[in-house]
Amino acid sequence: MKQTNNRQLLALAALVLLTVLAGCRTGRNVEDKAARIKKQQQYEQLAELAKAQQGLTDITARTNVSVSYNGHSIRVKGKLKMRRDEAVQITFTALGLMEVAFVEFTPKAAYIVDRVGKRYTRIDYSEGMLKSVGANFATVQALFWNRLFIPGKDDAWKQSEDFEIISTCTRQCVEPARQRMLKCYFYTDEEYKQLQQTHLKLSLYEVTWRYDMFEPLGNHSFPTTFDVSFSGSSRTVAANIALSGISCADTTWKSGIDLSRYEKVELEELMSILNILK
């Protein structure tokens, strides 16, 4: 009788163990399935954010720029003009009347122009550090257009596998699945409706680009305030770019500038001329 009871207890224990194991396995399957569904929903929302501005080709706005560097500060007004895959152009004016400086990013290079001194410098993406870290026109365009991007790629979004999502309590962190030398981190709201911050890191250098004061533009919303900070090599530069009169209707402006009458100089010389590096 005792032996029979032992066998029954062993059988019961085995049955309980199998039931628990099966339950755990079933629970894991349910949890895994729920996680997969949630992840898929997240990527679908993220894809909508990435595609939100694809219908826009031009964005123009008036700008009020404040720059702080090495104890000095500069405030200047101007205009921002952007044409998708063609140019990002910023002009600076004195007293709101005379254009004194001009910056333009094109797919091949970036130009900084001193209108008053008739001098300019050109920075090629295909040279030196910019090429090695994958920084190019697509990178600059994405920063100004408030978009996700992958260093070294021309398209901001290909497929969900290009990005990984790390959830936090109040916002989501999105990063390229295969990070390169230039590390990128994108922060969105909980529902992936707005890209609120882009953070770039390269060794000791960091760039933080925050977006705020979103307003309707086309079928989406667009930030009217950029807060940008650059730190590294014992230097910190902070800039605030406030946009007003933002529009996607002006398509008549032309990119580029005739530099035939301008003298080409090194970047450091031009910065000194413009009294930015004091």
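Is helix α3 largely enclosed by the rest of the structure or exposed, and how many of its residues are buried? In this predicted model, nine of the nine residues of α3 are buried, so the helix is largely enclosed by the rest of the structure; buried means under 20% relative accessible area, exposed means over 50%, and partly exposed covers what lies in between, with a 1.4 Å probe and protein chains only. Helices (H or I, at least four residues) and strands (E, at least two) are DSSP runs, numbered from the N terminus.

Because the model is predicted, local features need pLDDT of at least 70 and side-chain atom pairs count only at pLDDT 80 or more, whereas totals for chains, interfaces and linings use all residues. Residues are numbered from 1 along each chain as its sequence is written, and side-chain values use heavy atoms, with hydrogens and water left out.

**Nonpolar cores**

- The largest nonpolar core has 51 residues, and those with the most contacts inside it are Leu 46, Phe 105, Phe 144 and Phe 226; a nonpolar core is here a set of buried Ala, Val, Leu, Ile, Met, Phe, Trp, Tyr and Cys residues joined through side-chain atoms within 4.5 Å.
- Helix α3, which spans residues 137-145, gives the most to this core, contributing six residues.
- A second, separate core holds seven residues, including Tyr 111, Val 113, Leu 259 and Tyr 262.
- When its neighbours within four places in sequence are left aside, Phe 226 is in contact with Phe 144, Trp 209, Arg 210, Tyr 211, Ala 239, Asn 240, Ile 241 and Leu 243, where contact means heavy atoms within 4.5 Å.

**Helix α3 and its ends**

- The buried residues of α3 are Phe 137, Ala 138, Thr 139, Val 140, Gln 141, Ala 142, Leu 143, Phe 144 and Trp 145.
- The N-terminal end of α3 is capped by Asn 136, from which a side-chain oxygen lies 3.1 Å from the backbone nitrogen of Ala 138; a polar contact is a pair of N or O atoms within 3.5 Å, and within protein one must be able to donate a hydrogen and the other to accept it, while residues adjacent in sequence count only if both atoms are side-chain atoms.
- After α3 comes Asn 146, whose phi is positive, near 60 degrees, and which lies in the loop between α3 and β7 (163-167).
- At 5% relative accessibility, Asn 146 counts as buried.

**Aromatic pairs**

- The structure holds eight aromatic pairs, in which rings of Phe, Tyr and Trp (its six-membered ring) have centres within 6.5 Å, with planes under 30 degrees apart counted as stacked, over 60 as edge-to-face and the rest as tilted.
- The rings of Phe 105 and Phe 144 have centres 6.3 Å apart and planes at 40 degrees, so this pair is tilted.
- Since Phe 105 lies in strand β4 (residues 98-105) and Phe 144 in helix α3, the pair ties together parts that are 39 residues apart in sequence, and both Phe 105 and Phe 144 are buried.
- For Phe 144 and Phe 226, ring centres 6.2 Å apart and planes at 80 degrees make the pair edge-to-face; this pair links distant parts of the chain, 82 residues apart, with Phe 144 in helix α3 and Phe 226 in strand β12 (residues 220-232).
- The relative accessible area is 7% for Phe 144 and 0% for Phe 226.
- One aromatic cluster is formed by Phe 105, Phe 144, Trp 209, Tyr 211, Phe 222 and Phe 226.

**Charges over rings**

- Arg 83 lies over the face of Trp 253, at 4.3 Å from the ring centre, given that a charge sits over a ring if NZ of Lys or CZ of Arg is within 6 Å of the ring centre and within 35 degrees of the ring normal.
- The charged end of Arg 115 sits over the ring of Phe 102, 5.6 Å from its centre.

**Strand pairing**

- Strand β11 (residues 205-217) runs antiparallel to β12 and is joined to it by eleven bridges; two strands pair if DSSP finds at least two bridges between them.
- In the hairpin of β11 and β12, which has two residues between the strands, Gly 218 takes a positive phi near 65 degrees.
- Strand β13 (residues 235-247) pairs with β12 in the antiparallel sense over eight bridges, and the bridge partner of Gly 232 in β13 is Arg 235.
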